[in-house]
Amino acid sequence: MSEQELMPIEQLLPNNLFILPVTGNPVFPGLFTPLMITDNQDVEIVNQAIKHGGFLGLLLVKEENENEEYSHENLYTVGTVAKIVKKIKLPDGGISIFISTLKRFETKQYYPSGPYLVAEVQYLEDIEDEPEELRAWTRLLLSEMKMLTKNNQIFSEEMRLNMVNIDHPGKLADFIASILNVERKQQQAILETLVVRRRIEKVLVFIKNEQNIAQVQAKIQARVNQKIEKNQREYFLREELKSIQQELGLSTNPKVELINRLKAKFKGLPLSAEAQETVDREMSRLEAMDPSSPEYSISRTYLEIISDLPWKEPKPENFSIDSARKILERDHYGMKDVKDRILEFLAIRKKKQDTKGSIICLVGPPGVGKTSVGISIARSLKKQYFRFSVGGMNDESEIKGHRRTYIGAMPGKIIQGLRITKAKNPVFLIDEIDKMGVSYQGDPASALLEVLDPEQNSTFRDTYLDIPFDVSEVLFICTANTLDTIPRPLLDRMEIIQLSGYTSEEKLAIGKKYLVPKSMEKHGLTKEEIKYTPAILRKIADEYAREAGVRNFEKSLHKINRKVALRLIENKPEVLPIVIDDTLLHEFLGQPVFVEDEILKADRPGMAIGLAWTSMGGDTLIIEAQNTPGKGEIKLTGQLGEVMQESVSIAYTYLKAHATEHKIDPSWFEHNAIHLHVPEGATPKDGPSAGVTMTVALYSLVTGQVMAPNLAMTGELSLKGKVMPIGGLKEKVLAARRNKIDTIIIPQFNKRDLDKLDENLKKGITFHLVGSVEEVLALAFPEDGKREPMQSIGALAAQPNTGEIAAISAAVAQAVREALRER
């Protein structure tokens with residue numbers, strides 16, 4: 001063939017091309033590369049292109065969509081024409097083709113050709129600038145690329161050779177753009193750039209980005225290698241240390257050290273047979289385990305806890321009753337009955353030399369010193385002390401521990417306390433035992449049954465340990481505000497010691513002896529800087545802290561001392577000490593919380609004052625009754641419980657049944673509705689001891705009489721009018737004293753409780769013991785016998801007063817005449 005017959009392949013390029021959509025990155029001219037075709041439609045396009053000369057147009061897809069056919073709207077307009085060199089069929093039905101990319105082209109229009117994309121194209125030529133300038137750009141491009149490919153394993157040696165052998169600047173830029181890690185849209189922009197110099201500029205920008213990334217990567221790699229080298233160095237040093245220790249005969253295996261230490265601890269412990277068998281079995285398992293196993297740490301913790309428990313028998317108790325009495329007297333004021341009961345308890349322990357016995361439960365309102373009494377008992381016995389609260393606890397695992405199969409399992413509070421105190425006979429204070437809850441996780445109160453039962457706790461079995469441990473020598477002291485919420489089986493296992501509230505005199509003494517010095521020390525004050533008089537302390541107790549305990553009393557002292565400390569720091573006064581008087585008291589604490597005007601008084605018909613017991617101590621309760629026209633209905637408000645509602649029904653029934661005896665017209669109940677209310681309606685109230693108070697309130701309403709002044713009462717009423725006994729007499733008397741009440745009516749069955757009260761508590765108060773409601777009414781309404789019988793409402797309706805009717809008629813006539821005169 002002659003040279004005239006040889007034609008460049010560019011001149012053989014057809015004007016119409018079969019278009020193959022390309023996903024991923026665009027294909028640049030000047031490459032020889034394989035393509036994998038798996039889509040059936042794309043395979044047909046390739047076959048058609050081979051039939052019509054073997055040329056194929058490659059256009060990049062704008063947005064890739066899975067399982068969707070691409071139309072010309074979703075294709076870029078500039079692409080690359082390729083010559084299909086070879087086709088290979090694949091076993092899965094697809095094909096692999098080798099193509100040689102030739103030139104850029106731009107689509108002009110598409111022809112309808114069935115399922116294939118056929119487009120009329122225009123081929124694009126590179127636009128070159130000044131040769132010298134372009135040569136400089138090319139050299140810069142090559143030098144920057146060499147810096148990037150140096151010591152970079154991503155670029156192969158073949159790529160470097162191809163890059164050097166390319167003599168055309170535009171093709172060099174295309175080749176570099178195809179091997180750089182550049183986004184598809186940016187590569188498409190390079191493909192569409194016809195000016196060679198601008199194309200090289202864009203490629204240089206991407207090369208610089210790659211160089212920066214490579215530098216950061218090199219720094220990160222250097223840091224990682226440095227850490228690896230450091231770890232390797234430490235590893236070799238540890239290995240050398242192990243070799244040295246082996247030469248010296250020292251143990252270097254942490255596992256061996258742990259097992260030897262555990263064996264040494266267990267060797268001197270008097271374990272029971274079951275416990276010893278469990279320990280031996282677990283120790284064998286630990287020796288056979290790999291330290292990296294998760295079970296290894298579980299087994300190690302289990303054995304360590306067992307070894308830390310106090311298995312040895314404790315030394316005999318050595319304490320003095322005189323010393324215990326002094327400690328109790330020094331730590332607590334008053335509480336004679338409580339102190340005597342505790343000393344009796346301690347005397348029995350010393351006499352019998354038996355640490356097993358009853359469980360003490362201290363019951364009383366907040367702030368009376370239950371927890372501090374428990375601490376004093378521990379100090380008296382010279383024993384370790386451990387306190388934990390069960391208030392709000394609703395998981396029995398907190399008492400008896402979790403099973404070891406659970407992640408984070410641990411023994412219960414009992415075993416934890418023994419491990420912490422390291423004594424077999426410590427004092428355990430279980431606080432707030434009346435506030436335990438019940439949930440799907442169990443009942444902690446039931447879990448305490450075994451712990452607090454002297455007949456069972458010698459073989460207490462914690463769920464975590466699963467071996468018996470003797471906790472019978474532990475002295476358990478429980479505290480509670482009320483016994484109502486403690487389950488009966490648990491209550492039977494404890495001996496109850498009641499702690500009552502304090503009188504004003506007791507609060508004054510406690511303030512002077514304990515609270516004031518303690519608060520002054522807490523706030524950094526001395527006797528030379530602040531002074532409290534007995535009158536001011538009494539005023540604080542009566543007007544700012546009139547609760548059963550002394551917690552609010554102490555808070556008030558803290559508040560005063562804080563403000564005095566601030567005053568001393570900011571502007572130290574010339575005259576010291578600062579004497580707290582009425583003016584300063586009102587300045588520091590504000591207006592009194594309790595004033596004389598707020599003392600409850602039954603000064604109107606339908607009112608009566610009763611005494612109530614709550615978990616917060618005693619309280620006074622005023623009951624109000626009001627009648628309205630009706631047919632005998634009764635309306636109750638004030639959040640009264642079921643027992644209190646029954647008391648109202650009993651009182652109402654009793655009055656109706658005995659109306660005639662008390663000169664009451666029976667028809668009054670048929671023409672009146674009664675509304676009975678107990679103030680502080682947001683506070684729930686319940687209990688039977690307000691029965692007689694409700695009867696007095698209703699009787700006062702029906703008869704229109706006012707109850708005797710400064711009188712309060714308590715007692716349960718039976719349907720036949722008997723006054724039944726009540727509880728909490730001391731708390732109720734304290735509440736009466738706080739309200740300036742000097743006469744109290746109590747059931748005669750409570751005479752034994754009255755005899756137990758201190759004379760100071762009963763001083764100035766007259767007590768009336770009654771057995772029936774008639775006695776109560778006689779004391780509450782001393783003028784009741786002089787009252788005229790009530791006239792029948794029906795008789796008044798049948799026989800009207802003619803004089804009153806005449807007067808009313810005359811008044812109406814006069815009013816009519818005046819109205820007419822005004823007109």
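**Reading the terms in a predicted model**

User: L20 is found in strand β1. Why does L20 count as buried?

Analyst: Buried means under 20% relative accessible area, exposed means over 50%, and partly exposed lies in between, with a 1.4 Å probe and protein chains only. L20 has 3% relative accessibility, so L20 counts as buried. A strand is a DSSP run of E of at least two residues, a helix is a run of H or I of at least four, and both are numbered from the N terminus. This is a predicted model, in which local features need pLDDT of at least 70 and side-chain atom pairs count only at pLDDT 80 or more, while totals for chains, interfaces and linings use all residues. Residues are numbered from 1 along each chain as its sequence is written, and side-chain values use heavy atoms, with hydrogens and water left out.

User: Which residues is L20 in contact with, leaving aside its neighbours within four places in sequence?

Analyst: Contact means heavy atoms within 4.5 Å. With those neighbours set aside, I37, D42, L56, G57, L58 and L59 are in contact with L20. The C-alpha atoms of L20 and L60 are separated by 8.7 Å, and these residues are 40 apart along the chain.

User: Why is strand β1 described as largely enclosed by the rest of the structure?

Analyst: Strand β1 (residues 16–22) has seven residues and six of them are buried, so the strand is largely enclosed.

User: What makes β1 and β3 a pair?

Analyst: Two strands pair if DSSP finds at least two bridges between them. β1 and β3 (residues 55–60) have five bridges, in the parallel sense, and F18 stands opposite L56 in β3. β1 is also joined to β6 (residues 116–124) by three bridges, and these two strands run antiparallel. A119 in β6 is the bridge partner of L17.

User: Why is helix α15 also described as largely enclosed?

Analyst: Helix α15 (residues 444–452) has nine residues, of which eight are buried, so the helix is largely enclosed by the rest of the structure. Among the buried residues of α15 are P444, L448, E450 and L452.

User: Why does K422 count as exposed, and why does K663 count as partly exposed?

Analyst: K422 counts as exposed because its relative accessibility is 60%. K663 counts as partly exposed because its relative accessibility is 31%. K422 lies in the loop between α14 (413–421) and β9 (427–431), with a positive phi near 55°. K663 lies in the loop between α21 (642–657) and β19 (672–677), with a positive phi near 60°.
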